[in-house]
Amino acid sequence: MSRYDPATTEARWRQAWDEAGVFTARRDEAKPKYYVLEMFPYPSGRIHMGHVRNYTMGDVVARYKSSCGFSVLHPMGWDAFGMPAENAAMEKGGHPKEWTYGNIAVMRDQMKPLGLSIDWSREFATCDPEYYGQQQSMFIDFMDKGLVYRKNAVVNWDPVDMTVLANEQVIDGKGWRSGAVVERRELTQWFFRISDFAGELLEALDGLKDWPEKVRLMQANWIGKSRGLQFAFDTVGAPEGFDRLEVYTTRPDTLMGASFAAISPDHPLAKALEATDPKVAEFVAECRRIGTSEEALEKAEKKGWDTGIRVRHPLDSSWELPVYIANFILMDYGTGAIFGCPAHDQRDFDFATKYGLPIPPVFVAEDAQEAALAEAFVPMKSERVRYVRGFAGEGVQTGDEAVNAAIDHAEANGYGKGVTNYRLRDWGISRQRYWGCPIPVVHCADCGVVAEKKENLPVRLPDDVSFDVPGNPLDRHPTWRDCACPSCGKAARRETDTMDTFVDSSWYYARFTSPRAATPTDAADVDYWMNVDQYIGGIEHAILHLLYSRFFARAMHICGHLPAKAIEPFNALFTQGMVTHETYATRGADGRPVWQLPEDVIRDETGARLKDGTPVEVGPSIKMSKSKKNVVDPMDIITRYGADTARWFVMSDSPPERDVEWTASGAEATHKHLSRVWRLAHEVTTRGEGNPAHDTDLLRAMHKTIAEVTTGIEGFAFNKAVAKLYEFTNTFAKSDASAAAKRTAMLTMAQLMSPMVPHLSEDIWSMLGGSGLVAGAPWPKADPAMLVEDSVTLPIQINGKRRAEITVPKDMPPAEVEKIALADESVIKFLAGQPVKKLIVVPGRIVNVVV
RNA sequence: GCCCGCGUGGUGGAAUGGUAGACACAGGGGACUUAAAAUCCCUAGGCCGAAAGGCCAUGCCGGUUCGAGUCCGGCCGCGGGUACCA
């Protein structure tokens with residue numbers, strides 16, 4: 001063999017690893033453990049470059065930690081429930097189960113050639129009854145501990161298809177299939193009490209030192225702790241039972257700037273008015289057509305309906321404010337009712353302007369006069385302002401001080417109380433869909449809602465279902481719902497809601513520690529393996545998945561399924577960027593774009609066209625998605641160049657947290673580089689003796705590379721580690737050191753490359769007579785003595801511009817450096833006799849002369 | 001709308017507040033070859049200049065600093081999330 005030949009060698013190495021069992025995770029009490037986990041994939045059909053990038057990153061960490069002496073757990077599974085399986089069944093026929101397991105088989109076959117160091121013996125899918133049965137068992141535990149309840153909540157209702165729609169399926173307020181205007185509808189649904197944990201989930205963020213700051217910030221904002229005032233207005237002209245209207249505000253200091261009150265269309269008062277007044281009903285119905293997503297509500301034009309009801313101002317009972325029903329007030333936050341202060345809130349300002357309401361300012365900038373406002377004046381709460389209509393505290397104070405003074409004033413005078421509120425809402429887990437984990441409860445006419453007996457678990461999904469009509473097949477199944485009440489034994493009906501798929505992904509990391517246990521977790525295994533030491537996944541999961549998992553771990557701990565140390569399940573988190581590609585489109589007869597696959601497009605300097613010459617429009621590089629067809633099948637690259645080329649490419653160039661653009665030329669160049677390394681290694685075995693006088697230079701470079709690559713991998717700077725390996729390759733190629741030194745250097749290079757390109761590294765390792773497998777060799781250590789430099793080059797700046805440089809011994813005292821710098825020819829020339837005002841010497845870094 | 005990011009040559013990117021552009025891709029030039037491929041060498045931010053060198057330059061506008069890609073304030077553009085996409 002005399003050339004790099006991944007097509008034949010890669011499969012051989014994978015077999016060698018399997019036979020040696022190097023990736024089987026073992027509980028070894030003598031070793032420190034390391035649990036590395038990448039967010040498991042949804043089995044959509046085929047793997048894409050994003051998967052390759054995500055799983056290669058995890059694999060680099062897993063292989064590196066393994067060679068550092070850790071007992072590593074690196075598992076893989078499938079987040080297998082979800083809507084696409086049902087959509088496929090509706091569109092193409094077939095069964096979600098077959099579609100899902102078929103996709104899993106394909107994707108597993110595509111992943112295996114990547115040579116990931118995964119312990120495949122632990123694989124499972126969340127749609128396996130063995131998995132979701134354990135989840136049902138925990139649901140019942142959660143019920144016992146009071147963590148679950150039912151209440152009414154709104155869903156998107158498609159009145160034509162007679163089905164519930166996900167927010168994603170609502171496009172511009174219309175159902176994606178029927179095109180019908182979507183309505184809001186209330187259903188009784190199941191909830192987890194995550195909001196009981198709001199304070200704890202917020203405070204514990206501080207302890208997540210190895211999470212990205214941005215993720216902690218996003219979660220903190222999402223939980224949204226606020227301190228404010230809750231009080232009640234007395235109403236005038238309201239229906240019976242609505243004598244008072246409770247409101248919550250985070251800005252009680254602006255109470256004197258109130259100009260209206262507003263309630264949510266879902267507020268009980270709005271519902272009472274709706275029942276008797278058709279015009280209110282019409283307005284409320286219009287509000288309900290906006291949809292349920294926060295984005296849709298916030299972006300919709302702000303509209304209100306004057307109910308005619310008035311409320312008395314708590315500080316002046318002769319002052320009456322109108323009460324509006326407003327489409328932007330959320331029933332889920334606070335009390336579902338607010339007072340509007342248009343002078344200091346832009347949304348209220350727009351509303352007041354629209355409906356001709358007064359805009360009295362409460363405070364002005366510290367040095368300003370009161371004047372009519374062109375827009376709301378909303379300074380930071382920490383800023384000092386002058387209160388012109390204050391009622392609590394000093395005239396000039398910060399917003400924070402005034403808020404506290406207002407709360408104190410309300411409490412002292414008995415018209416309100418300080419309340420801590422959270423934006424975080426309880427987690428609604430009910431889905432009116434088939435392909436999910438059935439909620440294991442039974443509805444009995446006599447006993448009410450009763451949990452299924454644990455010995456009857458799993459409550460299995462029936463296989464005989466059809467998707468030819470919209471709606472939930474469980475609900476219309478002829479027999480599946482029929483069952484015996486677990487409590488009294490009489491005929492009863494099963495719950496037909498299934499669980500949100502976020503439930504499935506909220507504990508899979510724990511299940512990986514003992515995937516075949518007869519209980520959700522096994523105490524000894526979970527104690528040894530938890531926590532996940534390094535979790536890796538997309539930034540799009542920064543809030544929901546990660547917050548739900550943090551809640552779920554706490555709930556599991558309460559039910560005895562996780563030890564106390566695991567209530568924060570992920571010690572370190574890394575969020576990686578996406579893989580993007582240019583988009584290509586031709587135009588259809590109607591002028592709309594027809595997306596084209598990159599493999600069908602011929603791309604050169606002159607532009608892009610199809611093989612038949614049809615011109616192609618080139619669009620921006622965006623996240624690879626099936627709908628835009630800008631996907632590159634990694635299998636093509638793997639087949640053509642080998643897995644290591646795909647792995648090396650996704651690890652090089654782009655920093656892992658940033659998006660990376662896929663280019664075909666990049667893959668080819670990557671392959672050339674790997675071939676070059678292989679060739680250089682091969683030459684070590686064929687070339688004669690070099691010159692031992694140059695050994696030290698090569699070995700110094702080698703030790704420097706060990707240090708830099710190690711730092712790079714530890715810090716998730718894989719692109720920099722790769723760059724350093726390129727640099728060392730160039731040094732190596734130019735070196736004519738002795739054969740022995742070159743052999744040492746190349747064996748080390750193989751080790752340093754092995755987390756990224758494990759197959760090629762094994763090739764080189766065996767070619768040069770390394771012992772055993774690289775996969776089993778300990779990570780090389782840099783010799784500190786070889787890293788020391790004795791002289792350093794310092795740039796000299798004059799007034800901040802670089803004008804010269806000097807080379808001095810590394811430890812030269814600053815006073816000496818000053819002398820040499822000022823004596824430098826170019827410096828003298830630039831100074832031209834001007835006196836030196838200031839001289840800054842940063843040892844080892846820079847000299848700056850200020851004149 | 002709101003929350004969180006990101007923005008550096010033709011391209012991907014590098015740079016504990018201290019020489020902006022490491023490393024690589026694409027490009028240009030050359031060597032080898034009958035030729036091509038492969039490989040190797042050189043070159044390379046922009047503008048001015050024969051050169052030495054100078055000026056400009058990290059999305060835009062300001063600020064802090066001896067010194068700002070990096071810190072602060074305000075814009076613009078792009079991306080992620082927005083609770084039923086996963």
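**View 1. Helix H2 (residues 49-67) and helix H21 (residues 695-714) have axes that come within 10 Å and cross at roughly 125°.** H2 is therefore oblique to H21 (under 35 degrees is roughly parallel, over 145 roughly antiparallel, 65 to 115 roughly perpendicular, the rest oblique). This is a predicted model, in which local features need pLDDT of at least 70 and side-chain atom pairs pLDDT 80 or more, while totals for chains, interfaces and linings use all residues. Residues are numbered from 1 along each chain as its sequence is written, chains are lettered from A and ligands numbered from 1 in the order written, and side-chain values use heavy atoms, without hydrogens and water. Helices (H or I, at least four residues) and strands (E, at least two) are DSSP runs numbered from the N terminus; axes are lines fitted to C-alpha atoms, for helices over the stretch in contact, with angles from 0 to 180 degrees between N-to-C directions. Val60, Tyr64 and Lys65 of H2 meet Thr710, Ile713 and Glu714 of H21 (contact: heavy atoms within 4.5 Å). By class, the contact of H2 with H21 holds 3 nonpolar, 1 polar and 2 charged residues (nonpolar: Ala, Val, Leu, Ile, Met, Phe, Trp, Tyr, Cys and Pro; charged: Asp, Glu, Lys and Arg; polar: the others, Gly among them).

View 2. An unreviewed UniProt entry lists residues 41-51 as the short sequence motif "'HIGH' region"; UniProt annotations may be inferred rather than shown by experiment, with positions in the numbering used here and feature names shortened. Residues 41-51 are 27% helix and 0% strand, with end C-alpha atoms 8 Å apart. The unreviewed entry in UniProt also lists residues 36-170 as the domain "Methionyl/Leucyl tRNA synthetase". Residues 36-170 are 45% helix and 16% strand, and their end C-alpha atoms lie 37 Å apart.

**View 3. An open sheet of 3 strands runs in the order S14-S15-S16, with antiparallel pairing.** Strands pair if DSSP finds at least two bridges between them. Strand S14 (363-365) and strand S16 (396-398) stand at the edges with a single partner strand each, so one side of each has no neighbour in the sheet. Neighbouring strands of this sheet are turned by 45° against each other on average, direction ignored. Strand S15 (residues 384-387) is joined to S16 by 3 bridges, and arginine 384 stands opposite threonine 398 in S16. Helix H12 (residues 399-413) packs on the sheet, touching S15 and S16, and its direction makes about 95° with that of S16.

**View 4. Strand S35 (residues 838-842) pairs with strand S36 (residues 846-850) in the antiparallel sense over 5 bridges.** Leucine 839 stands opposite valine 849 in S36. The hairpin of S35 and S36 has 3 residues between the strands, and glycine 844 takes a positive phi near 75° in this hairpin.
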